[in-house]
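Dear colleague,

I am handing over a structure that I would like you to look through, and below it I have written down what was found. Please keep the structure open beside the text as you read.

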Amino acid sequence: MREMAVHDIEELDLIGELGGLADLENNPRLALVYEVSRRAGSESRMTELLEQVIRMTQQTLNAQASSVLLTGDDEQELFFEVAEGPVSKALKRVKVSSDSGVAGQVVRTGKPLVVNDVSQSAHFDRTVDAVTGFTTASLICAPMVVHHRTVGVIEVLNKLDGSPFSRQDLEAVVSVATTAAMAIENTRLHQTVLDAYKATIATLAEAIDAKDPYTHGHSQRVMEYALIGGRSLSLTTREMEDLEYAGILHDVGKIAIDSQILNKPDKLTPAEWEIIRQHPGVGAALLKKIPFLERASDLVLYHHERYDGEGYPCGLRGEDIPVGSRILAVADAFDTMTTDRAYRPALTFDYTVGELYACAGSQFCPMAVEAFLSGLQAHTTHSRHFSAL
Ligand SMILES: [Fe+2]
């Protein structure tokens, strides 16, 4: 697991670095979130890795098929995580009991098995062959052990030349299984850490919203609305991920702004507007230092740009504004209009939709407006969020 030290949080020079973010200084949880997230690492892709591992193992051993079976949460079943060979597709739907078969035996004992004639094996179970139509003649099965617990097995089946599996074959598979086990454990840890990041990001978003009593839940809703727009535009998985983070953190820069300015019921002075206009830049600067939020930071930076070039902070125009930021602008405006504010009650759904269309081409990207509203329409039928609109 990567270094996750948080003990030195008080030594962080975040405050000076970011120009007096009072809330970070006063709230060690926010500083903790920032530091933990900043140290987050790159994504691991377990399935792809395991596919490569068994493919290489199968080729090296000159075998007909191979697979990785993982134990389920209750450890009563094993399921095929990846498989190579003539019936690999059929195997992906198959689960086997960990009480029987060679794989079950290996999981229970934590010891590898070589079976060079399955008809002579007390452990071999023909159920899987019966389901898939494959004929197993011989196999090696090695446990994947993490912290004394067997998380799954690697199986390699049938030498193509009909010869028996050798001791060297067994040692190779055992070694591969040990490495694969470590990779699986790293991925699981990574996912746990990622889940923790998401939870802490949600907490951070709540802290931002708490600065303005009228914006409770705003960050979360903007994220949900933005994802509706992104889905309509068939954004890639990575783009959707960036949009998710940027949506919930789009106003993170407001933690640097005095609450009295944010909540001022009267008209803002030009000087106060100048301060407000800094929040996209401050937010982007915060996020840019966190590896897995780096791309999202650009979307945050440009979420107040206007399609006609009259927005801030950079005055970008049209397609020069990242598509994620154009969607965020629509999502942000939709939620602002449909919720109560200090200076007015919530506007109606129909009025809000009319405003979005009226401002398409000037304030908003027409494609983003269309994507959001068409996605919203499809979503409305199924979602409790919109039932009151
Ligand atoms: Fe904003």
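**What was found**

Of the 389 residues in the protein, 37% are buried, where a residue is called buried if 20 or more other C-beta atoms lie within 10 Å of its own, exposed if 12 or fewer do, and partly exposed in between, with C-beta atoms placed from the backbone. Please bear in mind that this is a predicted model, in which local features need a pLDDT of at least 70 and side-chain atom pairs count only at pLDDT 80 or more, while totals for chains, interfaces and linings use all residues. Residues are numbered from 1 along each chain as its sequence is written.

The pLDDT, which is the predictor's confidence in each residue on a scale from 0 to 100, has a mean of 83 for the protein, and 86% of the residues reach 70 or more. Over residues 1–20 it stays under 50, and over residues 384–389 it is also below 50. Where pLDDT is low, the predicted coordinates should not be read in detail.

The protein has 17 helices and six strands; these are DSSP runs numbered from the N terminus, with at least four residues of H or I for a helix and at least two of E for a strand. Contacts between residues 24 or more positions apart make up 60% of those with a separation of 6 or more, a contact being two residues whose C-beta atoms, placed from the backbone, lie within 7 Å.

**The sheet and its helices**

An open sheet of six strands has the order S3-S2-S1-S6-S5-S4, and its pairing is antiparallel; two strands are said to pair if DSSP finds at least two bridges between them. The edge strands are S3 and S4 (113–115), each of which pairs on one side only. From one strand to the next, the twist averages 25°, with angles running from 0 to 180 degrees between N-to-C directions and axes being lines fitted to C-alpha atoms, for helices over the stretch in contact.

Within this sheet, S1 (residues 63–71) and S2 (residues 77–84) run antiparallel and are joined by six bridges, and Thr71 has Leu78 in S2 as its bridge partner. The two strands form a hairpin with five residues between them, and Glu75 in the turn has a positive phi of about 65°. On to S3 (residues 95–97), S2 pairs over three bridges in the antiparallel sense, with Phe79 opposite Lys95 and Glu77 partnered by Ser97.

Helix H4 (residues 46–60) lies across S1, S2 and S6 (149–159), running at about 65° to S2. Helix H8 (residues 167–209) also packs on the sheet, where it touches S1, S4, S5 (139–146) and S6. Helix H6 (residues 101–109) is mostly covered, since seven of its nine residues are buried, and these buried residues pack against S1, S2, S3, S4, S5 and S6.

**The cores**

A nonpolar core is a set of buried Ala, Val, Leu, Ile, Met, Phe, Trp, Tyr and Cys residues joined through C-beta atoms within 7 Å. The largest one has 50 residues, and Leu249, Val330 and Phe372 have the most contacts inside it. Helix H15 (323–337) is among the elements that give two or more residues to this core, and its seven residues are the largest share. Apart from this core lies another, of 37 residues, among them Val68, Leu91, Ala103 and Ile184.

Helices H9 and H17 pack with their axes 8 Å apart and at an angle of about 105°, which makes H9 roughly perpendicular to H17, a label that covers angles of 65 to 115 degrees.

**Backbone details**

Most residues other than glycine have a negative phi, and most peptide bonds are trans. His148, in the loop between S5 and S6, has a positive phi near 65°, and it counts as exposed because it has 6 C-beta neighbours inside 10 Å. Asn158, in strand S6, also has a positive phi, of about 55°, but Asn158 is buried, with 22 other C-beta atoms within 10 Å. Finally, a cis peptide bond with an omega of about 10° joins Tyr312 and Pro313, and Pro313 is found in the loop between H14 and H15.

With best wishes

Notes. Parallel < 35°, antiparallel > 145°, perpendicular 65-115°, else oblique.
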